[in-house]
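I set out to record a few places that I looked up in this model. The sequence and structure come before the entries.

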Amino acid sequence: MTSQQQVLVVEDEPKIAQILVDFLSLEGFLTHVVHDGDEAEAAIKQVNPDCVILDLMLPGKDGLSICKDVRKFSHVPIIMLTARVDEIDRLMGLGFGADDYVCKPFSPREVVARVQALLRRAALGAPAEKTAPNILTFKHIRIDTERFECTINGSIIELTPVEFRLLKTLLGKPGTVFSREILMQRCYEDARIVSNRTIDSHMKNLRNKISLVDDPQPILQSVYGVGYKLM
């Protein structure tokens, strides 16, 4: 078994795929490539990659459908590639489960940097202190930071890595208002520029998932002009 971190590239344009492979390999990643959307999910299950770079437009199954279906069985970090910059806000708002979006044409170095940032954040999913508890609870919400699992009223809720880190932050200090800037730091530690709207989109998706199985009264509340808290 290899100790290298593995990245699966799902991209139908061979030149783009090869560029990504070359730059990822230079940084020590073991790469795998799939050119057809119909083969992506099987490849993810077989390879069990540390990160997936997923093109939006693919022959066979499209990237959005792949992303939605992958989230039913895996929390693997996913970076979505799209050819239209105006798609990014729409995709974020619809909550397909991707952790990041990059618009074509892109800098290969930037994509590699985003892969590295996602993997760093994923590695911080468990508590840093050995004495810190693995379980955080608040009312009907329970998260297990080692198993990366969230349950509400006994039902398992599928969260993206970003949503999980947001909820973990809020559960750490219920009632405390966390600013958008703090939440962005917790989820985007590579210091790249992320708009408040991005955090708002993730929080909206998280609130919707919680409301499906919890009381109608929202426990995840926004504080106008400041940020968010659990109540």
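**Basis.** I worked from a predicted model, in which local features need pLDDT of at least 70 and side-chain atom pairs count only at pLDDT 80 or more, while totals for chains, interfaces and linings use all residues. Residues are numbered from 1 along each chain as its sequence is written, and side-chain values use heavy atoms, with hydrogens and water left out.

**Entry 1, aspartate 55.** I found aspartate 55 in strand E3 (residues 51-55); strands are DSSP runs of at least two residues, helices (H or I) of at least four, both numbered from the N terminus. Its relative accessibility is 3%, so aspartate 55 counts as buried (buried is under 20% relative accessible area, exposed over 50%, with a 1.4 Å probe and protein chains only). UniProt, in an unreviewed entry, places "modified residue: 4-aspartylphosphate" at Asp55; such annotations may be inferred rather than shown by experiment. Leaving aside residues up to four places away in sequence, I noted that aspartate 55 touches Leu81 and Lys104, among others (contact means heavy atoms within 4.5 Å).

I located phenylalanine 106 in the loop between strand E5 (100-103) and helix H5 (108-123). Phenylalanine 106 is buried, at 18% relative accessible area. Beyond residues up to four places away in sequence, its contacts include Ile16, Leu20 and Leu81.

Which residues of H1 are buried? I listed Ile16, Ala17, Leu20, Val21 and Leu24. They cover an arc of only 135° around the axis, which puts them on the same side of H1; the arc is that of the directions from the helix axis to the C-beta atoms. The face turned away from the buried side carries the exposed residues Pro14, Lys15 and Leu26.
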